[in-house]
Amino acid sequence: MKVLVINGPNLNMLGVREPEIYGSRTYADLEAKIMEDARNLQLQVKVKQSNFEGEIVTMIQKAYGKYDGIVINPAAYTHTSIAVLDALKAVGLPAVEVHLSDIEQREDFRKHSVTVAGCIAQVTGLGFESYREGLNKLKEYLETTI
Ligand code: CA2
């Protein structure tokens, strides 16, 4: 099973500031953890990051026909991007939305996700473990549908 993991804006800054919210580990640590999880779950995973909405839309479009599913942390675009939502709906690939923090417990403007409507599930608040849980949920879904 081939899975594309997409990380949105500012996630490349992990470990630099706000360790009380996002932890002190870096983006390189996150990538390494996702690849370790992928090996354990026997998934073929590619991890990408972009700070640009249009680039994320293109990543989702290009995943069509190449990947079986997507795990996405749209970061701030979670709360605003109809373009990312439309791209997820357009390709129709199963996608799981993940967040490091528990967005429900944060500022009002973070409580609502626009993009989750294009996803089969959402995992929040588990730090790096949100990605493992997201990959696991996607794998379970693919096993029942492929
Ligand atoms: O909790 C999450 O995973 C978020 O998607 C992270 C986003 C935020 O905009 C979402 O509301 C929730 C932020 C990405 C990283 O932002 C940083 C900010 C300061 C220092 C390092 C990273």
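**Pocket and ligand chat**

Student: What volume does the largest pocket have?
Tutor: About 430 Å³. Keep in mind that this is a predicted model.

Student: Which residues are closest to the centre of the largest pocket?
Tutor: P9, N10, L11, Y22 and R110. They belong to a lining of 20 residues.

Student: How does the lining of the largest pocket divide?
Tutor: Into 10 nonpolar, 6 polar and 4 charged residues.

Student: Switching to the ligand. Where does the ligand sit?
Tutor: In the largest pocket.

Student: OK, which residues come nearest to the ligand?
Tutor: N73, H79, L100, S101 and R110. In total, 16 residues are around the ligand.

Student: And the shell around the ligand by class, how many of each?
Tutor: It has 8 nonpolar, 5 polar and 3 charged residues.

Student: Which part of L100 is involved, backbone or side chain?
Tutor: Backbone. A polar backbone atom of L100 lies 2.7 Å from an oxygen atom of the ligand.

Student: How far is A76 from an oxygen atom of the ligand?
Tutor: The distance is 3.4 Å, taken to a polar backbone atom of A76.

Student: Last one. How much of the ligand does the protein bury?
Tutor: The protein buries 93% of the 510 Å² that the ligand exposes when taken alone.

Technical notes: Residues numbered from 1 in each chain as written. Predicted model: local features only at pLDDT ≥ 70, side-chain atom pairs only at ≥ 80, totals over all residues. Heavy atoms only, no water. 1 Å grid on protein atoms, 1.4 Å probe; cavity = no way out; pocket = protein on both sides within 12 Å on 5 of 7 lines; lining within 4 Å. Points joined across faces, edges and corners; volume = space filled by probe spheres on them. Nonpolar A, V, L, I, M, F, W, Y, C, P; charged D, E, K, R; others polar. Near = heavy atom within 4 Å. Polar contact = N/O pair within 3.5 Å; in protein donor to acceptor, adjacent residues only side chain to side chain. Areas by Shrake-Rupley, 256 points an atom, 1.4 Å probe, with all protein chains shown as cover. Sits in = over half its atoms within 2 Å of the grid points.
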